[in-house]
Amino acid sequence: KKEIKRLQAIIKQQTKHLQDLDLLKADFLNVISHELKSPLTPITAYLDLFLKERLGPITAEQREALEIMIRNSSHLQMLIGDIVDLNKLEAGKISFTIELISLNNIIENVVKDYEHIAKEKGISIRINAAIPSIEGDKKRLTQVFANLVNNALKFTTKGEISITAKKRGYRAFIEVRDTGIGIPKYALDTVFDKFYQVDRGP
């Protein structure tokens, strides 16, 4: 009985320690999120002023560049928010905003964001998407496609990236292919592990 009580006390102490660590981690992530968001607010505000020509006229090319910067600033703010959501994800409490969205528009906007980088590397991005509106989370899907295209560009030195989207029944199937170095066989079982990255960039 004494041994059981001793073990129970140890378990209780360890549980309390883990709970305290979880609280510390949550506080840390909240502080980091706030500190990262703070400088983004004035950056986005000034970009908006430029876009609205409050600081002088702009060309069509400049307007397109500003729209891309604003869109990516919003995307960065979303990613910073996802730092806080990490705890929710681990606890299975992540929230989704399901609405009717255009998958084609999401893909086209993401490609437009990375077009300049692709041109500098001499890589073409080909889209073959003809899917009507679907129900989904626009923010999360944008994040997924941005990550896929970004990775494809990172590991591709020549050739092309192709994005194909098809609808089969009630489901949408999206495929992102590139002519890069690919994923080594030894990493296939771990490539989706949290924080795992195959370091084979150019």
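Predicted model: local features only at pLDDT ≥ 70, side-chain atom pairs only at ≥ 80, totals over all residues.
1. Leu188 has a relative accessibility of 49%, so it counts as partly exposed rather than exposed, the latter needing over 50%. You will find Leu188 in the segment after strand 5, which covers residues 171-178. Its C-alpha atom is separated by 23 Å from that of Lys158, a residue 30 positions away along the chain.

2. Now to helix 1, which spans residues 2-51. Helix 1 has 50 residues and reaches 73 Å from first to last C-alpha, close to the expected 74 Å. Which residues of helix 1 are buried? They are Leu29, Ser33, Leu40, Thr44, Leu47 and Leu51.

3. Leu18, also in helix 1, tells another story. Its relative accessible area is 51%, and because exposed means over 50%, Leu18 is exposed. Together with Leu21 and Leu24, Leu18 makes a nonpolar surface patch of about 300 Å².

4. For context, most residues other than glycine have a negative phi. Glu53 is partly exposed, with a relative accessible area of 35%.

5. Glu53 also has a partner: it forms a salt bridge with Arg63, with the closest N and O atoms 3.3 Å apart. This pair joins the loop between helix 1 and helix 2 to helix 2 itself, across 10 residues of sequence. Arg63 is partly exposed, at 31% relative accessible area.

6. How many salt bridges does the structure hold? There are six, and another one of them joins Asp113 and Arg71, with the closest N and O atoms 2.7 Å apart. Asp113 is in helix 3 (residues 103-121) and Arg71 in helix 2, 42 residues apart. Asp113 counts as buried at 15% relative accessibility, whereas Arg71 is partly exposed at 27%.

7. Arg126 lies in strand 2 and Glu160 in strand 4, so the pair ties together parts 34 residues apart in sequence. Both are partly exposed, Arg126 at 42% and Glu160 at 26%.

8. Last, the rings. A search of the whole structure finds zero aromatic pairs. Still, the charged end of Arg168 sits over the ring of Phe173, 4.7 Å from its centre.

Terms used
Residues numbered from 1 in each chain as written. Heavy atoms only, no water. Patch = residues over 30% accessible without salt bridge, like charges linked within 9 Å, V, L, I, M, F, W, Y side chains within 5 Å. Areas by Shrake-Rupley, 256 points an atom, 1.4 Å probe, with all protein chains shown as cover. Salt bridge = Lys/Arg side-chain N within 4 Å of Asp/Glu carboxyl O. Helix = DSSP H or I, 4+ residues; strand = E, 2+ residues; numbered from the N terminus. Buried < 20%, exposed > 50% of the residue type's maximum accessible area, 1.4 Å probe, protein only. Expected span 1.5 Å × (residues − 1). Phe/Tyr/Trp six-rings, centres within 6.5 Å; stacked < 30°, edge-to-face > 60°. Lys NZ or Arg CZ within 6 Å of the ring centre and 35° of its normal.
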